[in-house]
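Keep the viewer open and follow along.

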Amino acid sequence: MPIYFYGCITMDGYLADSHHRLDWLYESGDVAETDYQDFYNRMTVTLMGRRTFDEIKDHPDIDQFYPTTDNYVFTHQKTIDTKGFTAVSGDVVSFVQQFEADQHIWVVGGNTILAPLLEADLVDSLIIQIAPVLLGNGIPLFTQKEGLKRFKLEKVNQYGQFAEMVYHK
């Protein structure tokens with residue numbers, strides 16, 4: 001059951017601005033410039049936090065965002081009214097440990113989802129794209145507790161204005 005983080009941050013390490021918005025990302029480039037589709041085709045499960053879901057839920061093509069994966073949103077709400085997404089709550093580490101070994105899990109967004117998985121040493125790959133943007137403040141990607149975690153840099157790619165670093169345990 002490999003677990004991946006795949007996402008874009010600013011040059012100063014933020015996932016979102018201080019209001020949890022991604023406008024800076026949408027103005028920086030297009031997903032078509034990246035290897036997103038190849039990556040997504042290998043995934044079977046997506047995990048995201050409620051704020052990440054809130055950022056995409058009103059998109060007119062939401063049903064096309066993650067059409068071939070089982071999509072879970074960690075939230076305090078009991079249900080989500082969006083087809084293709086399932087509300088879950090509780091401990092993310094316990095939740096992912098329920099999956100079979102052949103499942104490929106993508107942490108779509110949310111440092112509150114990523115941090116406990118890093119702390120439990122469950123993240124196998126970090127695929128981090130960096131946009132040419134400085135926010136100066138916002139929601140950081142890494143918020144796990146102190147504890148040394150080492151990854152090996154496998155490759156560096158350039159996609160338009162994005163630099164991508166691929167790390168594996």
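In which helix does glutamate 55 lie? Glutamate 55 is part of helix α3, which covers residues 50-56. Please keep in mind that this is a predicted model. The mean pLDDT of the protein is 91, and 97% of its residues reach 70 or more. Confidence is lowest in α1, with a mean of 84, and highest in helix α4 (residues 92-96), at 97.

Is glutamate 55 buried or exposed? Its relative accessible area is 15%, so glutamate 55 counts as buried, the cut-off being under 20%. Leaving aside residues up to four places away in sequence, glutamate 55 touches His20, Arg21, Leu22 and Tyr26. With one of these, arginine 21, glutamate 55 also makes a polar contact from side chain to side chain.

**Glutamine 103**

Next, look at the loop between α4 and β6, where you will find glutamine 103. Its side chain makes a polar contact with the side chain of threonine 44. Beyond residues up to four places away in sequence, glutamine 103 touches Met1, Pro2, Thr44 and Val45.

| Side chain | Partner side chain | Distance |
|---|---|---|
| Glutamate 55 | Arginine 21 | 3.4 Å |
| Glutamine 103 | Threonine 44 | 3.0 Å |

**The largest pocket**

Now for the open space in the model. The largest pocket has a volume of about 1400 Å³. It is lined by 44 residues, and Leu22, Thr52, Ile56, Tyr66 and Val108 are the closest to its centre. Which element gives the most to this lining? That is α3, with five residues. Elements that each supply at least two residues include β1 (3-10), β2 (14-16) and α1 (23-26), along with β6 (105-109) and α5 (111-119). Sorted by class, the lining of the largest pocket has 22 nonpolar, 17 polar and five charged residues.

**Isoleucine 127**

Finally, turn to strand β7 (residues 125-131), the place of isoleucine 127. Why does isoleucine 127 count as buried? Its relative accessibility is 6%, and buried means under 20%. Isoleucine 127 and cysteine 8 are 119 residues apart in sequence, while their C-alpha atoms are 8.5 Å apart in space. Not counting residues up to four places away in sequence, isoleucine 127 touches Tyr4, Phe5, Tyr6 and Gly7, as well as Phe39, Glu164, Met165 and Val166.

Methods. Residues numbered from 1 in each chain as written. Predicted model: local features only at pLDDT ≥ 70, side-chain atom pairs only at ≥ 80, totals over all residues. Heavy atoms only, no water. Helix = DSSP H or I, 4+ residues; strand = E, 2+ residues; numbered from the N terminus. Buried < 20%, exposed > 50% of the residue type's maximum accessible area, 1.4 Å probe, protein only. Polar contact = N/O pair within 3.5 Å; in protein donor to acceptor, adjacent residues only side chain to side chain. Contact = heavy atoms within 4.5 Å. 1 Å grid on protein atoms, 1.4 Å probe; cavity = no way out; pocket = protein on both sides within 12 Å on 5 of 7 lines; lining within 4 Å. Points joined across faces, edges and corners; volume = space filled by probe spheres on them. Nonpolar A, V, L, I, M, F, W, Y, C, P; charged D, E, K, R; others polar. pLDDT = per-residue confidence, 0-100.
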